[in-house]
Amino acid sequence: MRRQNTILENLRIDAVAAEGKCVSKTDGKVIFTSKTAPGDVIDARIVRKKKNYLEAETIRYIKKSAQRIEPFCSHFELCGGCKWQHLPYDDQLKFKEQQVIDQLQRIGKLEISNVQPILGSTETTKYRNKLEYTFTNYKWLTKQQIDSGEEINRNGLGFHLPGRFDRVLDIDQCHLQKEPTNDLRVFIKFFAINNGLSFYNVKKHEGLLRNLIVRTTEGDDLMVIVQFGENDMDGIVKIMKEIKETFPEITSLNYIINQKGNDSFYDLEVINFSGKSYIKESISGITFKIGPKSFFQTNTKQATHLYNKAIEMAELDGSQIVYDLYCGTGTISNLIAAKSKKVIGIELIPEAIDNANENSTYNNISNTYFEAADIKDVLNNEFFDAHGTPDVIITDPPRSGMHTDVVKAINESGASKIVYISCNPATQARDLELLTNYKVSVVQPIDMFPHTHHVENIVSLTLKS
Ligand SMILES: C[S@@+](CC[C@H](N)C(=O)[O-])C[C@H]1O[C@@H](n2cnc3c(N)ncnc32)[C@H](O)[C@@H]1O
């Protein structure tokens, strides 16, 4: 990034734009800023010049927007987690709804009429069932800490600063997950410091303690996974034993030895230290088994609303063959099984497919079939001949959206209805534009992540006659 020294004075922030940024239009220029609110007036420094727009950072507030409210978290200024805390929740919802409409129209070039009001989250704090914390031996210092002149222990456990893989902010209290998430994190950090266990250095790739994942449930199940960067069994057993004894409520305690260059553990063995190797969560009377590598919607209460809405939009009557693409642990498949003739779920991660099958067995469901595969490699006429031509397709891809081969296969499938669930309306809009054999019938934005700019969106499509 080339640093500019041009200052824009008295810049008025006009509106919220995509990716949580705000936009200003002045003297024919489009300027994006972060951490601002519509109605703010600021002096800003230009940090990036692009062909069609500028990016700027606030150096001084001339006037703060009347729309602003006091953020509830002490880490708000630095942490990337809940960047919209300074905006009332109702306003956040309006911005998200508008973002969905804008992206479907601008990127998808779609004519949409039936946009339902966004479904807000019933809980706006402690709504996450999974948090991932990173250990560091070089925690980020706040201005206050630097100014204090005190000697500070740089071992920390918290979140990455936005966009910085090598900078970790130590967290005192996080409002995103119910307890014991804070108790656990604080306990583990101080136990490690007091016992001389080393914290990870991401640049040198050394240090024992690397990453901590806490997964909570609506019931009593609680999973903890600790990632270690070194194979030091004395240190590993020492801290794992201590966690087990101090937190007997953990029902699944696991660890991973990860000596790779990145934190991803999908290709590594997860070792169960104590308790079960999975946790269970129930939605609408169906119980789901979730392993350490399994995807599960992170806001469980709101996921229930998401699934109910998607199922309603699929208009199932019990006679249809339904495909559940990107099925994860088969959550949707198992929820819709009773309303379908047969459900076929496809998902990349074999362990998630194992969980999906187990979830069917556990819930006495016998009309599901799951396959572990990259969908682009298997979704074709041969597959349809073998497993049944889809009447309804429900698809829930990752943020990157669907591969063009998958979009093409869906477009040519002949299914009478498609329900497309997306956590990224931009890629959803891109994919929808290619589904030329279908027309959009209902659009339902839904908020799974309060205080972030992220928005989920469900679109139902019907086959053009
Ligand atoms: C947003 S999640 C949806 C999970 C599921 N529908 C649910 O509600 O629990 C996306 C899923 O797509 C899977 N996935 C990503 N790329 C894939 C691919 N190319 N082929 C098949 N599955 C893929 C991921 O592993 C993940 O489980």
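Two strands count as paired if DSSP finds at least two bridges between them. The model described here is predicted.

## The seven-stranded sheet

On that basis, seven strands form an open sheet with mixed pairing, in the order β18-β17-β16-β19-β20-β22-β21. Its edge strands are β18 (368-372) and β21, each of which pairs on one side only. From one strand to the next, the twist averages 15 degrees.

Within this sheet, strand β16 (residues 321-325) runs parallel to strand β19 (residues 392-395), and four bridges join the two. Strand β16 also pairs with β17 in the parallel sense, over five bridges. Val-322 takes part in both pairings: Val-322 stands opposite Val-392 in β19, and the bridge partner of Val-322 in β17 is Val-343.

How many residues of β16 are buried? Five of the five are buried, so β16 is largely enclosed by the rest of the structure. Ile-321, Tyr-323 and Leu-325 point one way from the strand, while Val-322 and Asp-324 point the other way, and all are buried.

Helix α7 lies across β17 (342-347) and β18, and runs at about 170 degrees to β18. Helix α11 lies across β20 (417-422) and β22 (456-463), and runs at about 155 degrees to β20.

## Other strands

An open sheet of six strands also has mixed pairing, with the order β1-β5-β6-β4-β3-β2. Here the edge strands are β1 (7-12) and β2 (15-16), each pairing on one side only. Strand β1 and strand β5 (residues 41-49) run antiparallel and are joined by four bridges. Ile-7 stands opposite Arg-45 in β5.

Strand β11 (residues 222-228) pairs with β12 in the parallel sense over six bridges. Met-223 has Ser-252 as its bridge partner in β12. Strand β12 (residues 252-257) is mostly covered, with five of its six residues buried.

| Strand pair | Sense | Bridges |
|---|---|---|
| β1 and β5 | antiparallel | four bridges |
| β11 and β12 | parallel | six bridges |
| β16 and β17 | parallel | five bridges |
| β16 and β19 | parallel | four bridges |

## Packed helices

Two packed helices are described by the angle between their axes and the distance between the axes.

Helix α1 (residues 89-106) packs against helix α11 (residues 425-434) at an angle of about 30 degrees, with the axes 8 Å apart. Angles under 35 degrees count as roughly parallel, and α1 and α11 are therefore roughly parallel to each other. Their crossing is right-handed. In this contact, Val-100, Gln-103 and Leu-104 of α1 meet Pro-425, Ala-426, Gln-428, Ala-429 and Leu-432 of α11. By class, the contact of α1 with α11 has six nonpolar residues, two polar residues and no charged residues.

Helix α3 (residues 181-194) and helix α4 (residues 233-246) pack at an angle of about 140 degrees, and their axes are 11 Å apart. That angle makes α3 oblique to α4. The crossing of α3 with α4 is right-handed. On the side of α3, the contact is made by Leu-184, Phe-187, Ile-188, Phe-191 and Ala-192, and on the side of α4 by Lys-238, Ile-239, Glu-242, Ile-243 and Thr-246. Classed by type, the contact of α3 with α4 has seven nonpolar residues, one polar residue and two charged residues.

## Two single residues

Leu-435 has its place in the loop between α11 and β21 (438-446). Is Leu-435 buried or exposed? Because its relative accessibility is 2%, Leu-435 counts as buried. Leaving aside residues up to four places away in sequence, Leu-435 touches Val-407, Ile-410, Asn-411 and Leu-461. Leu-435 and Leu-461 lie 26 residues apart in sequence, and their C-alpha atoms are 9.1 Å apart in space.

Pro-350 is found in helix α7 (residues 350-362). With a relative accessibility of 45%, Pro-350 counts as partly exposed. The C-alpha atoms of Pro-350 and Ala-303 are separated by 23 Å, and the two residues are 47 residues apart along the chain.

Notes:
Residues are numbered from 1 along each chain as its sequence is written. This is a predicted model: local features need pLDDT of at least 70, side-chain atom pairs count only at pLDDT 80 or more; totals for chains, interfaces and linings use all residues. Side-chain values use heavy atoms; hydrogens and water are left out. Buried means under 20% relative accessible area, exposed over 50%, partly exposed in between (1.4 Å probe, protein chains only). Axes are lines fitted to C-alpha atoms, for helices over the stretch in contact, and angles run from 0 to 180 degrees between N-to-C directions. Angles under 35 degrees count as roughly parallel, over 145 as roughly antiparallel, 65 to 115 as roughly perpendicular and the rest as oblique. A crossing is left-handed if the near helix is turned anticlockwise from the far one by less than a right angle, and right-handed if clockwise. Contact means heavy atoms within 4.5 Å. Ala, Val, Leu, Ile, Met, Phe, Trp, Tyr, Cys and Pro count as nonpolar, Asp, Glu, Lys and Arg as charged, and the others, Gly among them, as polar.
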